[in-house]
Amino acid sequence: MKQLALDIGIATGPSFDAFFAGPNEAALRHLQLWVGGAGPSVPHSPVPTYLWGESGSGKSHLLESVRVALREQGASVGWLHAGLLEPPEFDERWGAVLLDDVHLYTAVQQHAAFNWFVNAQTLQRGVVAAGALPPADLPLREDLRTRLGWGHVFHLQVLSESERRAVLRQAADARGVMLSDDVLDYMLHRFSRDLGSLMELLTQLDGYALQTQRAITIPLIRSMLENE
């Protein structure tokens, strides 16, 4: 059997509408207002926003949602994450700079992030960043760390199991799908805590159940994973 602690991708891509806020409503509303508060020809607020929280709290989802929303407005963005080992130079055409997983940045990435941040601020472009730690605890060079913390800072919380259970149940009911308590327990305890991944799992299970003409059960989940 395949490893069950999977992060199943969100096939339709992250978006604000697909983000189940729960205790993170303030961060979601802030970013929606920031993105929607100006058209592509009007600068967004240059005051930076920093999101922090543990894995599964939705940081990357919100950053991706910002990128999608800005692109829909016709704006390009700079995107720096821990896997980009050789970041490009700042591009003045960028409408915003997005920095993900800043707590993992190497010295080279920190240098690039600082350069991007300063250029973005000079040109009145937005900066949205995310990391696992509050700004004061980030293992980064001081000039970058202090800049990440001087604007809007939001601590994202992972949805509780009861909140994730309620959302999954509601989504299943809307599909006309019956999820037993045993199946919900299995989904919540064997897969990513990220709700977007769980919702995509539900979509895949619904499709597989229709294809095989079977009810959604634990054996069906195992069968689907074995046949991927």
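Predicted model: local features only at pLDDT ≥ 70, side-chain atom pairs only at ≥ 80, totals over all residues.

Visitor: Which helices do Arg165 and Asp185 lie in?

Guide: Arg165 is in helix H5 (residues 161–175) and Asp185 is in helix H6 (residues 181–190), so the pair ties together parts that are 20 residues apart in sequence.

Visitor: Are those two buried or partly exposed?

Guide: Arg165 counts as partly exposed, at 22% relative accessibility. Asp185 counts as partly exposed too, at 26%. Buried would need under 20%.

Visitor: Which residue forms a salt bridge with Arg169?

Guide: Asp181 does, with the closest N and O atoms 2.7 Å apart. Asp181 belongs to helix H6 and Arg169 to helix H5, so this pair ties together parts that are 12 residues apart in sequence. Asp181 is partly exposed, with a relative accessible area of 47%, and Arg169 is partly exposed at 25%.

Visitor: Which ring does Arg141 lie over?

Guide: The face of Phe114, with Arg141 at 4.7 Å from the ring centre. Arg67 likewise lies over a ring face, that of Trp79, at 4.1 Å from the ring centre.

Visitor: Switching to rings, then. How many aromatic pairs are there?

Guide: The structure holds 3. One of them is Phe90 with Trp94, an edge-to-face pair at 5.3 Å centre to centre and 80° between the planes.

Visitor: Are Phe90 and Trp94 buried or exposed?

Guide: Both are buried. Ring pairs also link Phe90 and Trp94 with Trp116 into a cluster.

Visitor: What about Tyr186 and Phe191, how are their rings arranged?

Guide: Edge-to-face, 6.5 Å centre to centre with 65° between the planes. Tyr186 is buried, with a relative accessible area of 6%, and Phe191 is buried at 7%.

Visitor: Last one: where does Ser60 lie?

Guide: Ser60 is in helix H2 (residues 59–72). Ser60 is partly exposed, with a relative accessible area of 32%. From Ser60 to Glu25 is 35 residues in sequence and 16 Å in space, C-alpha to C-alpha.

Methods. Residues numbered from 1 in each chain as written. Heavy atoms only, no water. Phe/Tyr/Trp six-rings, centres within 6.5 Å; stacked < 30°, edge-to-face > 60°. Buried < 20%, exposed > 50% of the residue type's maximum accessible area, 1.4 Å probe, protein only. Lys NZ or Arg CZ within 6 Å of the ring centre and 35° of its normal. Helix = DSSP H or I, 4+ residues; strand = E, 2+ residues; numbered from the N terminus. Salt bridge = Lys/Arg side-chain N within 4 Å of Asp/Glu carboxyl O.
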